[in-house]
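Here is a short briefing for a first look at a protein model. Please keep the sequence and the structure in view as you read.

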Amino acid sequence: CDDGNVCTLDWCDESLGCMHSNVDSYCNDLSACTTADQCVDGMCMGTPISCDDGNPCTMDACDVSQGCQYSVLVTAFCQPQLVIDYPPRAAELYGPSTFVTIQGHVVHNAAPVAWVYINGTEVAIQPDDTFELPYQAHGGLNILEAELWDLFDGHDKVVQGFILSNEYTPMNATNPDVSMIQDSVMIYMGQTVWDDNDIALNDFAAFLVQFFAGINLNDYMPQMLYESGSYYVYAPGGVTYDLMQLDITCIHGGLHVRLKIPNVEMNITADGKHWYTPGASGRVTIDYLAVDMDFFFTVDGDGNVTATLANTASDVHGMNISLDGVLGFLFNWLVDFFEGMIANILEDQIEGIIEEQIPPVLESALEQLAFNTTFEIPPLFEGLDPVTLTLTSKVSTLDFFPGGSVIGLKAAVVTDKGVELPSLGSLHRNGCLTTEPPFAFWGVEEIEMGLSDDFLNQIPYAMWWAGLFSLPISTELLGGGSFEEFGIEDLSLNLTGLRAPVISDCTPDYGLLIQMGDLMLDVTMNMFGMDVHVVIYAAFEAEVEVDVVQGEGGQNELAMTLNDITYVQIELATVSENLVGSEDSLRLLLKQQILDKVLGMITENAMASIPIPTIELGSMIPGLPPGASLNMKPKETYRDRGYTVISGTVHE
C-alpha cells in the first residue's frame, strides 16, 4: 500500500484494503528554492528562500536544482566607471616639477573594483573609492591610459591628456611681438659666407667689393687738396686706381675688414703764393693704400642692428713722388712735404667713406636675415577653406667669433582666432624640463639654419587656434560613400580638438613626434534602426619630419610633414543606453570607419611649407645687379637639443 508519499502513513485494512493517513513530520520537497520542508495535509511543502542579493545590477532568480542564480544587468548604471579628476582633461600645467599627482575616483554599482591600472601601473583604490598616483610626467603632451575591471568583469577605459611646460607663448595676431619667441630661429654663417677669398658673388666680401667699385674717390676729393701759408696744392685729373680688394675676417664681437686700393696714381700741382716759393708739378704713384678696421655689432629689443666702427688704421705702401721744375736744394723738402700731405688726405677720405657708407650696409644686411612671410595651411578636408598663417621675425641676438657668426631671430607664427576654447598658448620645450646644455650648431656646412621646437610648435598651435580642428564633418568630407553596410544611416559628426597638437622630442625613447590628445568626436547616427549618440576621445602620435622641398615657384621651402601614425588610443566616453555592452564592437567600427579617415586627413598633407629666406643685397648695396642675394642651398638636416637644423652652402 506504499503510495510513495512521505507525508502519509500507509497500511492495509482486511475489509477496506489500502488505507492512508496524513502525518505531521519533516520532509524534503527536493527543491533548492525552499527551506524548512514539512508535511502539511499530506503534502511536502517548504518555505520559499529569498534570492535577493540587494544588488540593483543583478537579475535574481532561483533554479529548483541549483538554487539562487544571478545575472548581471547590462545597463549604463551598472557599468563601472573610472574618472580622472586631476589633471582635468586637456589641462595645461606649469612646471618645472615633472611630478604630477594623478587623482580620481571610481563608481561601481554592480560589483567591487578588482583592478585599476594607469599607464601600466596598478593603482590602489581607497575605501572611499578614490585613488592617487604619483606620476613622472615629461615636458609636452602626456597621455594617460587608465583601465578598470570589477569583479563581474565590467570594464571601463579612459584616454586623457594633459600638457606640461614651464612657459607658454600666447597667440596675438594684432600684436605679433607678444607672440615672438627669443632665438627661435638661429642662423650660423661660417667664415666662407663672409669671405671665401674668391671674386664670385657668393659671399659678403664679394658684394662689398662691388659696392666699392661703384664709389669714385674723386667724388670725395676736394678740388684743392691743400693750402698752406706758401702753397696751393691741386690734383689736376684726379686720382686713378685699380679695383679695390676687400677681406673680411670674423672676430670676437664682430668683423675685421681690410680694404686695399692698389695702383693709386695722381698728378699734382703746387702753386707758390710768393715770388720766393717756386711752383712745382709732378706725379704720385702708390703701390697700394690699406685700411684696417673693426666693426662691432649690437642689437636692440626691436631688432635694430647697430654697427660700430673701431680700431681704424690706414697705411700707404710704396709711395713714389716725382717732381719737375724744382731747384735741387728744395726737392727733398717738397717730397717730404707732399708725402705726409697726400698720404693723410687719401687716408682721411677713405676712412670717411667707410665710416659713412659701410655701417648702414652691414646693419641692413644683418637685419635682412629676419624674414616675414605668409603661407597657407591646406584644410583637413577637401572643400573647406585654407588657413593663412603669418610668420614675422626680428634679429634678437648676434654672436661673432673667429671662424663664423650666429644670428638669432625671435619669431612668431600668428593667425586670427577661430576656436572658442581658452588656452595659455603654445608650449616651450625648455630642455624637456631637465638640465640640458644649450643648443650649438655642429658647423658641418658653411651655413646652417636651426628651427627650434618652440617655433615649430607655433604652426600646429596656430592651426588649432584658427579652428582647423573644430568643425562639423559630413560623410562627403569623409570621402563620400555610404555606411549602410555597417547598419549606419543619418551620420552626423562634430570634431573638436580640445587642445592643440604638440611637437616634442621629450617623450623618452622616441624622436620628434607630433602628439594630440583629447580629440573629441561627437557622433549621432541611426544604427540598425536605433538612434545612437556616442562621444569619443582620441589620442594619437606620428613622427614629424622637417625637410627641404621645392615650392611651386622653384624656391626651396621647409616642409613639415607627418609620417604614418604610430599610436592611436580611443575612449568611448558616452554611449547610448541601447548600445551598452557593445562598446568593444562599436569602438572598432568607429575607429576603422570614421576615426582612421579623420586622422588620415590630418596626416596625408604637409602641415606647413615655409620659404627658406634669402639675404637680399641688391636693393641695399648700390652697384649690385638687381636681385643679387645670398641663397642657401640645403644639403642635409640634423637634430640637436630641441632644434631641427638644415645645413647647406651659399656656393654652387
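In which sense do strand E10 and E11 pair, and over how many bridges? Strand E10 (residues 113–118) and E11 pair in the antiparallel sense, over two bridges. The model is a predicted one.

**The five-stranded sheet**

- E10 and E11 belong to an open sheet of five strands, in the order E8-E14-E13-E10-E11. The pairing in this sheet is mixed.
- Strand E8 (91–94) and strand E11 (121–122) stand at the edges. Each has a single partner strand, so one side of each is left without a neighbour in the sheet.

**The seven-stranded sheet**

- An open sheet of seven strands runs in the order E24-E25-E26-E16-E28-E39-E38. Its pairing is antiparallel.
- The edges are strand E24 (373–377) and strand E38 (633–640). Each has a single partner strand, so one side of each lacks a neighbour in the sheet.
- Neighbouring strands of this sheet are turned by 25 degrees against each other on average, direction ignored.
- Strand E16 (residues 181–190) and strand E26 (residues 404–414) pair in the antiparallel sense over seven bridges. There, Val 185 has Leu 409 in E26 as its bridge partner.
- Strands of a sheet pair through backbone hydrogen bonds, either parallel or antiparallel.

- Strand E32 (residues 513–527) and strand E33 (residues 530–550) run antiparallel, joined by 13 bridges. Leu 521 has Ile 536 in E33 as its bridge partner.
- The hairpin of E32 and E33 has two residues between the strands. In this hairpin, Phe 528 takes a positive phi near 50 degrees.
- E33 is also joined to E34, by 16 bridges, and these two run antiparallel. Val 546 has Met 560 in E34 as its bridge partner.

**Aromatic pairs**

- The whole structure holds 14 aromatic pairs.
- Trp 115 and Tyr 117 form a stacked pair, 6.5 Å centre to centre with 25 degrees between the planes. Trp 115 counts as partly exposed, at 44% relative accessibility. Tyr 117 also counts as partly exposed, at 28%.
- Why does the pair of Phe 439 and Tyr 643 count as stacked? The ring centres are 4.0 Å apart and the planes are at 20 degrees, so the pair is stacked; the cut-off for stacking is under 30 degrees.
- This pair links distant parts of the chain, 204 residues apart. Phe 439 is in the loop between strand E27 (426–427) and strand E28 (447–452), while Tyr 643 is in strand E39 (residues 643–649).
- Buried or exposed? Phe 439 counts as buried, at 17% relative accessibility. Tyr 643 is buried too, with a relative accessible area of 12%. The cut-off for buried is under 20%.
- Ring pairs link Tyr 188, Phe 439, Phe 441 and Tyr 643 into a cluster.

**The largest pocket**

- The largest pocket has a volume of about 710 Å³.
- It is lined by 34 residues. The closest to its centre are Gln 79, Pro 80, His 155, Asp 156 and Glu 583.
- By class, the lining of the largest pocket has 17 nonpolar, eight polar and nine charged residues.

**Cavities**

- The count comes to seven cavities of 30 Å³ or more.
- The largest cavity has a volume of about 110 Å³. Its lining includes Ile 187, Gln 368, Leu 369, Ile 447, Met 449 and Pro 613. Thr 614, Ile 615, Leu 630, Asn 631 and Met 632 are also among the residues that line the largest cavity.
- The lining of the largest cavity divides into eight nonpolar, three polar and no charged residues.

**Helix H2**

- Helix H2 (residues 204–213) is mostly covered. Eight of its ten residues are buried.
- The buried residues of H2 are Phe 204, Ala 205, Ala 206, Phe 207, Leu 208, Val 209, Phe 211 and Phe 212.

Definitions and conventions. Residues numbered from 1 in each chain as written. Predicted model: local features only at pLDDT ≥ 70, side-chain atom pairs only at ≥ 80, totals over all residues. Heavy atoms only, no water. 1 Å grid on protein atoms, 1.4 Å probe; cavity = no way out; pocket = protein on both sides within 12 Å on 5 of 7 lines; lining within 4 Å. Points joined across faces, edges and corners; volume = space filled by probe spheres on them. Nonpolar A, V, L, I, M, F, W, Y, C, P; charged D, E, K, R; others polar. Pairing = 2+ DSSP bridges. Helix = DSSP H or I, 4+ residues; strand = E, 2+ residues; numbered from the N terminus. Axes fitted to C-alpha atoms, helices over the stretch in contact; angles between N-to-C directions. Phe/Tyr/Trp six-rings, centres within 6.5 Å; stacked < 30°, edge-to-face > 60°. Buried < 20%, exposed > 50% of the residue type's maximum accessible area, 1.4 Å probe, protein only.
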